[in-house]
Structures are given as structure tokens and as C-alpha cells.
Amino acid sequence: MRLKSARVLQATVWLVPLCTAVLVAALYSTSLDLDSLKKRIQALYGVSEDQLAGLSLEMPGGWKIPANAVLQRPEHHHPLPPKYAVASTGTAMIFAHIGNGTIEGTARFFQTLFVLLNDSNRDVSGTLELYDNDGKPLTLTINGVSGSSFPFTIKSGQSQRFTTSGTGPVQQGWAHVHSDQPLAGTASFGITDAEKRVYTDVGVAESSLGTNFTLFADTLGNANTGIAGVNPSDTDTITLLFQLLNAAGVVVATDQRQLGPRAHVAFFLDELFKSVSGITEFEGTVLITSAKPFAGITLRSLGDQLTSLPMVPPAPAGSARDRLIFPHVADGVAGGFKIATSAILFNNTTERATGKVEFINSDGTPMSVTIGGQTASSFDFALNPKAVRRLVTSGASGAAKVGWARVIMDKPMSGTAIFHLFDTSDRLLSEVGVNAAVLRKNFNIIADTLGFFNTGIATANPSEENLTSNVNFYLYDKNGTFVSAANRSLKALEKQAFFLTDLFPNVPGIAEFDGRLNIIGSEFVAPLALRQVNEKTTSTPTLARLYGFAPTSTFTPLELAAGTSPAVEWLIHQNERDLSLEKIKITAPDLGLQTSEVSVGRQIAQGYFALGTNSRIFVLYATAKGSIDFNFIVPAKNSFSTAGTGKITGTPTGGLTIEMTLTGKSPMTYVGDDSDFHFFLNPGIIVAPASGKQVTVTTELTSVSYKSQEDVRVVRRATEQLNFTTVDSSKAVLSRIAPLFPGPGGILELTGSNFGNSPVAVFTPKGGSPVQVTPFSSAAGTMSVTVPDGFSEGAIQVNNGGGVGNSHSARSLFSPTFSFETASRTGGAETAFSFTIKQPVEQFVLQDFSVTLFQIERALSGLAAGTVVGGGKMQQSSTVEFDLKVESSAADKLVLQVVQKGLSSPRANLNIEKLPGDAPGILMTYVPSSTPSAPVLLDSPLEFTFNFTGFPLKLPSAGNLFLAGASLRSGPTDPRSSEVLDVSRVVQVNTQ
């Protein structure tokens with residue numbers, strides 16, 4: 001009888017109690033009442049009560065589940081968005097190292113195992129290709145067949161294994177998987193013998209493609225670091241530059257290797273840098289760069305033990321990543337074993353980084369560990385650019401405890417972890433390296449208990465909003481057949497871990513299982529999977545679901561009257577995904593392009609992107625005239641970055657084409673949250689047909705794997721119709737409004753034709769009744785009106801006396817608001833007063849403002865310099881707050897200083913002066929500081945509140961009105977923008 005490894009691992013690594021027995025159907029515990037169980041199963045599988053007939057499986061309480069209706073696997077994919085057609089361009093996976101053959105002088109041999117998983121909704125055909133170091137086909141025996149190329153077909157939901165024989169001399173190389181639809185996969189390579197004893201086993205995910213990777217490198221003790229690199233190109237030669245950096249981030253040596261097409265190279269650290277003094281007792285990093293994409297893998301050798309340490313790419317440009325999550329840590333002594341965890345932090349940015357590492361027990365409470373002689377649950381760190389730090393728990397802090405860890409940091413660093421298992425003589429028995437977790441709601445794990453193996457799963461809920469994640473586990477066999485399901489609930493900051501055999505103890509054949517586990521959480525969780533064989537542990541990667549669909553795009557002119565030149569609203573939405581957006585192409589042969597008003601540097605569009613809860617504005621600037629070339633500019637802290645490029649071509653009579661290519665720095669390259677591009681092309685660029693006509697608009701979106709821009713996955717195309725209509729010749733034609741985003745109280749210019757002699761503007765708020773506004777100035781084809789209060793979104797029309805004409809859609813996305821209050825309204829008395837200015841969350845910012853109080857008297861004499869007469873606050877977000885102080889700086893001048901909380905230097909000033917001339921009144925002018933971090937650069941809601949308490953202010957005589965007026969300006973954070981929105985507001989105050 002063989003000894004399964006579950007109990008060994010349970011005692012040493014996971015350290016969790018035995019799971020409660022699962023029901024026959026492995027759905028939920030018997031603590032649920034029958035009605036609740038029925039409702040949860042109905043919700044889980046989307047079945048009606050009628051479908052709960054035809055019973056077959058007995059449940060507690062005498063209720064039965066219909067196997068044909070309920071026990072179905074959930075959908076493998078999201079449905080295709082409406083209107084879109086599919087055209088896949090295929091996918092590729094790279095495994096940057098494989099090994100095979102008998103080790104000379106021993107009975108042991110290397111083997112490599114590939115597991116390919118198709119969880120898409122289509123059958124997949126492809127080829128597994130093997131290459132040697134020189135890029136030539138590598139002939140091996142896999143599944144009893146000899147060759148270098150192995151075609152396969154994997155049906156929807158199935159997985160397949162490809163195992164090298166281990167026979168013949170030792171050979172190495174790499175593997176390339178091509179397929180016509182998305183695939184997921186893992187590889188593992190290990191050393192075994194004829195008795196199937198496992199001496200080492202290393203599980204890895206497919207290798208990422210990139211031009212810049214950092215890896216942890218050490219040769220301390222009996223450790224050594226192995227590095228493998230691959231040039232996947234069929235035609236190009238690449239040069240890999242290797243830089244050896246010490247722990248402080250200082251380069252101590254460099255080397256380079258040239259790789260021809262499909263070539264592979266592998267060596268140990270002390271071979272690559274053998275001339276470096278002290279290389280046999282070294283700790284630091286290796287930075288590998290190339291002008292062209294390459295793939296790689298890192299192996300860490302300790303005697304006969306091998307483990308894989310991930311190569312980490314730099315954070316994407318503009319990344320706001322401030323957390324790293326390690327879903328499993330263990331420390332202490334249990335069952336005669338000593339367990340320790342290493343957390344390795346890479347500052348692969350160009351700035352100094354600070355932060356802290358927090359260890360958390362499985363129940364969410366702080367977990368004390370000893371690192372470097374210090375016992376605590378939180379450890380601060382500071383790392384210079386390119387530096388690395390390893391924090392190793394002692395493993396000797398008493399009875400073993402398990403939990404998870406998070407790294408909170410001020411720069412988007414990267415990290416890995418290593419779990420170490422020692423015997424009582426401190427002899428290393430096993431170790432496994434893992435990357436920081438990617439937060440997921442829906443993912444797969446290759447699940448097997450074949451031979452001596454068992455699969456362990458850990459999930460941590462990192463929520464800081466006290467959100468509970470209900471996690472469902474769906475078990476499928478290798479044929480894609482649904483086997484069973486289980487459920488666990490994870491409270492905020494809680495972690496749970498268990499083995500496959502514990503999660504599904506009643507599933508027949510679970511002790512020799514081959515398949516996958518699909519895990520779906522109601523909230524994001526941080527997952528980790530480990531594969532255990534006796535006392536040895538290896539990683540088995542978590543795999544993103546391969547939905548294989550691209551974003552949706554909605555291209556909507558704000559005006560559908562023939563002969564107009566409307567603004568266009570363009571919304572691109574990307575769901576949670578495994579794909580990212582690379583290219584967009586929109587063609588509309590019957591729409592035209594007008595470039596006469598376009599000059600180099602002119603802003604042609606503005607808008608915002610939203611990634612989850614993070615939102616930022618962007619602007620598009622023309623870089624050429626004629627055809628419109630533009631750059632996609634995203635404001636970043638203290639700077640601006642180019643996230644993409646594009647071109648608009650066409651003539652005034654037709655042939656409109658809009659193309660945009662993202663550079664990899666765009667928000668759509670992030671994986672995890674939903675994201676939106678929402679932007680507006682200015683009026684005067686797109687030209688509608690001269691007469692009423694149905695216009696065909698075709699949208700093509702090209703998506704790529706999040707792994708690499710080189711791996712194009714899917715193209716989606718959609719065609720829709722826009723109906724441009726001819727306005728009745730007796731009605732007014734509204735061609736353009738300016739500014740594009742009118743706000744209540746703002747001045748709006750309307751341009752068109754057939755306005756007549758006495759036109760009025762008609763504003764119809766969304767869900768409201770029309771409001772007629774008489775223009776304060778008008779001429780042939782133009783009029784100026786004040787936007788009425790309460791209008792934030794809706795339709796604008798012109799009535800020329802013969803009825804309203806066409807409708808123009810409008811919204812006030814970016815306008816701030818102003819309010820004024822007095823504490824006393826007794827005429828002739830001094831009073832306290834306050835005013836509040838708010839800038840909404842939409843992505844333009846409050847640039848500057850002035851506030852005028854008319855018919856107000858104030859005495860300036862007698863104020864000593866430095867006298868505080870008021871104060872307040874400015875709130876930029878829940879975490880960024882500014883203190884406000886109003887003090888006299890001279891006998892007739894007051895200055896309000898805006899100081900960020902915790903700092904001393906002002907970020908902005910508000911100058912308070914008397915109105916010029918003899919008219920009573922006060923003028924307050926907001927002057928932003930030139931400091932780059934001034935609050936003029938915002939991407940979150942802003943609220944100014946000023947309270948004047950000791951201010952020498954006298955109101956007019958009782959019963960008289962006085963006015964509080966504000967001129968507010970909003971615009972994008974880029975000061976080059978021409979789209980500044982002026983909003984004037986007036987508040988009347990009666991002194992009675």
C-alpha cells in the first residue's frame with residue numbers, strides 16, 4: 001500500500017484541520033435548511049423549480065437533485081457580446097526549458113510533463129513543438145511516440161498530458177505550443193527512477209515574453225541559480241544582456257549572449273559570471289534585457305533539490321500597484337519538521353521604494369514571526385532602485401503557524417516567495433518558489449492525485465472593505481465532465497487551505513484523479529496551488545480563465561442630422577478578462593473627415609479611462625495636418641505619458657477611418673478589473689452625409705494575450721447602422737455646441753442654420769420636461785445662452801418659431817459647483833460666512849476660480865500681519881486632505897494658504913483683495929502653486945470649504961440683497977489643453 005502525501009503536507013505546510021464531510025453531491029454542508037439549499041442550487045446553476053423534477057440524487061431531508069439539470073458544469077466562457085463576430089488568429093505558449101534523459105552513472109532520469117487545458121467553448125487544434133539549444137528540432141519520445149512535433153486536438157473542457165519518456169542521453173531545450181484557439185497550460189520537470197520515486201519536481205507556468213526581466217540570484221551555501229533563455233523568433237537573432245547586481249542594486253558585472261532563431265541557452269550563475277570575485281557566495285539579482293522579446297525561466301538548485309523562481313517583469317508604465325499578496329506563509333516546527341518562508345522583494349523601479357511586510361494569521365489576526373532576530377507581525381523596509389531584499393522567517397518560533405502575507409509599498413515593486421521544509425538537523429528536504437498572487441475571481445488549477453501526488457489549494461481574501469467572498473469549487477475530470485462541487489466562505493483577511501482529497505473526500509476515485517478545479521469567488525481572492533509528493537513540494541500555477549473575447553465599442557455621434565459636423569461619443573468597455581486591447585479600427589465609408597480646423601498640437605478629443613475604481617483623464621492631440629495623426633496622452637503624477645497612437649483619415653465627402661494602437665502602457669493592458677475608455681471627439685471633425693441616409697459603421701477590435709503583445713489571440717468585428725435624417729426645412733438645424741460639456745450656469749454657444757429672427761434654445765433634461773431659454777445674444781446661425789440650473793444631461797434643440805429642429809445630446813461632465821452661506825443675516829452687522837466649491841469625480845479638474853462678494857463692506861485697518869481670520873479644509877479623496885489657513889499678510893491684503901496635511905509648504909494660495917475703485921466688495925482669486933504636486937492635478941473628487949470667522953465683514957442694510965458670484969474653470973490636467981470650461985455662478989442673498 002502506498003502512502004499518500006496528504007497527511008505529510010497537512011502536518012507540515014498547510015496545517016489545517018480536517019475538512020467537514022461534504023454532502024453526497026458535494027455542494028453545501030447539511031447545516032443549510034432544505035429551502036435555502038434549493039435556492040442556492042437554483043442560483044448556482046440557473047435552473048427553475050420546474051427543472052428540479054426528474055429526481056435522481058438523494059439529499060438530506062429526502063430531497064433529490066436532477067442530475068441532468070443541476071449537475072452540469074458552468075459555462076466555460078462569457079457569451080459573445082451582441083453584434084460581434086469571431087475571427088481567431090490563434091495563440092502560442094512557450095515553455096523556456098525542458099529536460100529529458102537518464103543521468104549518467106545513476107538509475108535516475110529527467111522527465112518533462114506538459115498539461116494543456118482547453119476551458120474555452122470551442123475545440124482546439126494545435127501542435128507541441130520541441131527545439132534544442134541551436135534552434136533545431138529536438139526529437140524525443142512523448143506518450144510512446146517519437147518526434148519533435150506533436151499535433152493534438154483538445155475538445156472543449158478537456159485537458160491532455162504529454163510526458164517525455166526519460167530515456168536516452170540527457171538533452172535540454174524548450175517547447176513551443178501553437179493552437180488555433182486560446183489554451184492554458186503548465187509544465188513540470190523532475191527526476192525520478194524506475195520505482196517511481198520522485199527526487200525533485202518543478203512545476204511552472206508558461207514563460208512570459210518580454211524585453212526586461214529581473215530574477216533573484218544566489219549561490220549562498222549549496223545553492224546555485226540556473227538561468228535559461230529562449231529566442232522564439234523564427235527569423236531574427238537577438239542579444240541578451242545579463243547584468244549582475246548586488247543586493248543594494250549596484251551592477252557588479254555584465255555579460256551578453258547572442259541567440260539565433262529559436263535558439264536556447266542555459267547555465268548556472270557561477271558559470272555565467274565565473275570571473276566575479278565572491279560569485280560562489282553571492283546574493284542579489286540578475287537583470288536580463290533585449291531589444292526584442294525573449295522568454296526565460298529560473299531554476300534554483302540545492303544539491304539534488306530544484307525549485308523554480310519566477311522571472312519578474314517591471315510594472316507597466318503608470319501602474320498604481322501598491323500591494324503584493326502571498327496567499328500562504330508558514331513558520332515554526334510541526335511533526336519533526338521545521339518550516340520557514342522567504343519573502344523576496346524587488347525594487348525594479350527607478351525610484352527609492354519604502355513599505356512594510358505584514359504577516360497575517362489564517363483567521364485574519366496579526367501573525368508574529370521572527371526575522372533577523374526581530375519578532376513582530378510587521379516589518380518596514382526601504383529599497384534603493386534595482387535593490388533586492390530577502391526576509392526569511394526563522395522557522396524556530398515555536399509551534400508551526402500558517403497564514404498569509406501582504407506587502408504595502410509606495411512604488412510598484414515585484415516579489416516572490418520561497419517555502420522551505422527542513423528536518424530536525426536543518427537538512428533541506430524541499431522548497432518551492434512562487435510569484436506574488438494575481439487577484440482573481442475565476443481561475444483554474446490543474447488537479448491531480450496520480451501516483452504519490454496530491455494537489456493543495458490556498459485562498460486568501462485580502463479585502464480591506466470587510467467583504468466576504470463566497471468561493472465555489474467545481475471539479476472536472478480530464479474529459480471535461482463535471483464531477484462535483486464544493487463551497488467555502490472566506491471572510492475579509494481570512495485564509496483557508498486544503499487538499500483536493502479533503503475538499504472532495506466522497507468523490508469516487510479521488511485518490512487517483514486527473515482533471516482540473518475551477519474556482520469562482522464572489523469577490524477577488526489571492527490563490528495559490530501546490531503539488532505535494534511525499535515530503536517534497538512543487539508549485540502548480542493558477543491559470544486565468546480563457547474567455548477569448550475582446551472589448552465592446554460604441555461609436556455614437558451626438559447629432560444625427562444630415563449635413564452636420566457633430567461631436568462623437570466613443571465608449572470602449574473591457575470586462576474582466578485574460579485578453580487586453582491592442583488595436584481598434586472603425587470604418588464608415590459614408591462619413592467624412594474635415595481637417596481644415598485641425599493644426600499640429602490641437603486637442604481633438606478628451607475623456608477618461610476608468611480601471612476598476614481608479615479613474616484618470618486623457619486628451620488626444622493632433623501631430624500632423626491633412627490626415628489626423630494623434631498621440632494618446634495620459635496624465636501621470638508630475639508628467640504625461642503616451643499610451644497609444646492613432647490616425648483618422650478620410651475626405652469631407654466620405655471614407656472615414658479611425659485607427660488606434662495602444663503601446664502596452666494603456667489601462668487596457670491590466671488584467672483583473674473592468675475598464676472603460678470614454679472619450680469625445682470634438683465637433684467639426686466628423687462630417688455627416690449631406691442628406692438623410694443610413695450609415696454603416698464597422699468596428700474591429702484586436703485583442704492580445706495579457707502575457708505579451710506578440711501573442712495575438714482574437715479579432716472581433718461588429719457592424720451597426722446610424723440613421724442620419726434631413727431636418728424639416730421649416731425647422732432650425734443645430735450643427736454644433738461649444739463647449740462640448742456645458743454646465744448649469746455656463747455660457748453655451750449654439751451654431752447652425754435657419755435659426756430665424758427670434759430663436760430660443762430648448763433644454764430637455766434626461767427624464768425631465770423641456771425648458772426654453774432666450775439667448776442673450778444672437779446673429780445669423782449663432783446664439784449664446786446660459787445653461788439652466790438642473791441641466792446635467794439631456795437634449796438641446798433650437799426653436800425658430802416654427803417648432804424645434806434636430807436634437808443634440810449633451811452632458812455636463814466636468815463642471816464644478818459653488819455654494820455660499822452666512823452665519824448671520826442681520827443688516828449692518830459683522831458676520832461669519834463660508835463657501836464651498838466642489839469638483840465632481842469626472843476626470844477634468846478644477847484649474848482656478850475667483851469669488852466676488854458684491855455690496856459687502858470690510859475694514860482693513862487695524863489688522864496686524866499674521867492675524868488669522870478664518871480657515872477650512874480641502875478634501876481631495878478619503879486619504880488626501882489639505883488644511884486651509886486665512887491670515888493677513890499686509891494691512892489691506894489677506895492670503896489663504898492651502899497646505900497638505902502633514903506638510904508645511906503651501907500648495908496653493910487664495911488672494912483676498914478689495915474690489916478696485918470705490919464699489920464695496922471683495923475679490924478672492926485662487927492661485928495654484930507651481931509645485932508639481934499641487935492639488936491642481938487631480939483624478940478624484942475635490943471639495944474646498946472656507947470658513948471665515950474673524951473676518952471684518954459688514955452686510956448691506958437690512959432687507960437689501962447682495963450677490964456672491966463665482967467664476968470657475970475646469971479643464972484637463974494637461975495645461976496645453978484648449979478645452980477649458982468657464983462656468984459663472986451667482987448666488988443672491990437677502991440680509992433679512
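Is phenylalanine 213 buried or exposed? Phenylalanine 213 is buried, with a relative accessible area of 4%; buried means under 20% relative accessible area, exposed over 50% and partly exposed in between, for a 1.4 Å probe and protein chains only. The model is predicted, so local features need pLDDT of at least 70 and side-chain atom pairs count only at pLDDT 80 or more, while totals for chains, interfaces and linings use all residues. Residues are numbered from 1 along each chain as its sequence is written, and side-chain values use heavy atoms, with hydrogens and water left out.

**Figure 1. Tyrosine 131 and tryptophan 174 form a stacked pair.** A search of the whole structure finds 11 aromatic pairs. Rings of Phe, Tyr and Trp (its six-membered ring) pair if their centres lie within 6.5 Å; planes under 30 degrees apart count as stacked, over 60 as edge-to-face and the rest as tilted. The ring centres of tyrosine 131 and tryptophan 174 are 5.1 Å apart and the planes meet at 25°, so this pair counts as stacked. Tyrosine 131 belongs to strand E6 (residues 124–131) and tryptophan 174 to strand E11 (residues 171–179), so the pair ties together parts that are 43 residues apart in sequence. Strands (E, at least two residues) and helices (H or I, at least four) are DSSP runs, numbered from the N terminus. Both tyrosine 131 and tryptophan 174 are buried.

Figure 2. Phenylalanine 213 is in strand E14 (residues 209–218) and phenylalanine 294 in strand E19 (residues 283–302), so the pair links distant parts of the chain, 81 residues apart. Phenylalanine 294 is buried, with a relative accessible area of 1%.

**Figure 3. Arginines lie over aromatic rings.** A charge sits over a ring if NZ of Lys or CZ of Arg is within 6 Å of the ring centre and within 35 degrees of the ring normal. Arginine 516 lies over the face of tyrosine 476, at 4.2 Å from the ring centre. Tyr476 also forms one aromatic cluster with Tyr474 and Phe482. Arginine 488 lies over the face of phenylalanine 498, at 5.5 Å from the ring centre.

**Figure 4. Strand E22 (residues 337–346) is mostly covered.** Of its 10 residues, 10 are buried. Phe337, Ile339, Thr341, Ala343 and Leu345 are on one side, and Lys338, Ala340, Ser342, Ile344 and Phe346 on the other. Two strands pair if DSSP finds at least two bridges between them. Strand E21 (residues 323–334) runs antiparallel to E22 and is joined to it by three bridges; valine 333 stands opposite lysine 338. Two residues separate E21 and E22 in a hairpin, and glycine 335 in the turn has a positive phi of about 55°. E22 also pairs antiparallel with strand E29 (residues 414–422) over nine bridges, where histidine 420 is the bridge partner of alanine 340. With strand E27 (residues 388–392), E22 has five antiparallel bridges.

**Figure 5. Four strands form an open sheet in the order E55-E54-E58-E59.** The pairing is antiparallel. Strands E55 (771–773) and E59 (808–811) are the edge strands, each pairing on one side only. Strand E58 (residues 793–799) pairs with E59 over four bridges, and glycine 794 stands opposite alanine 810 in E59.
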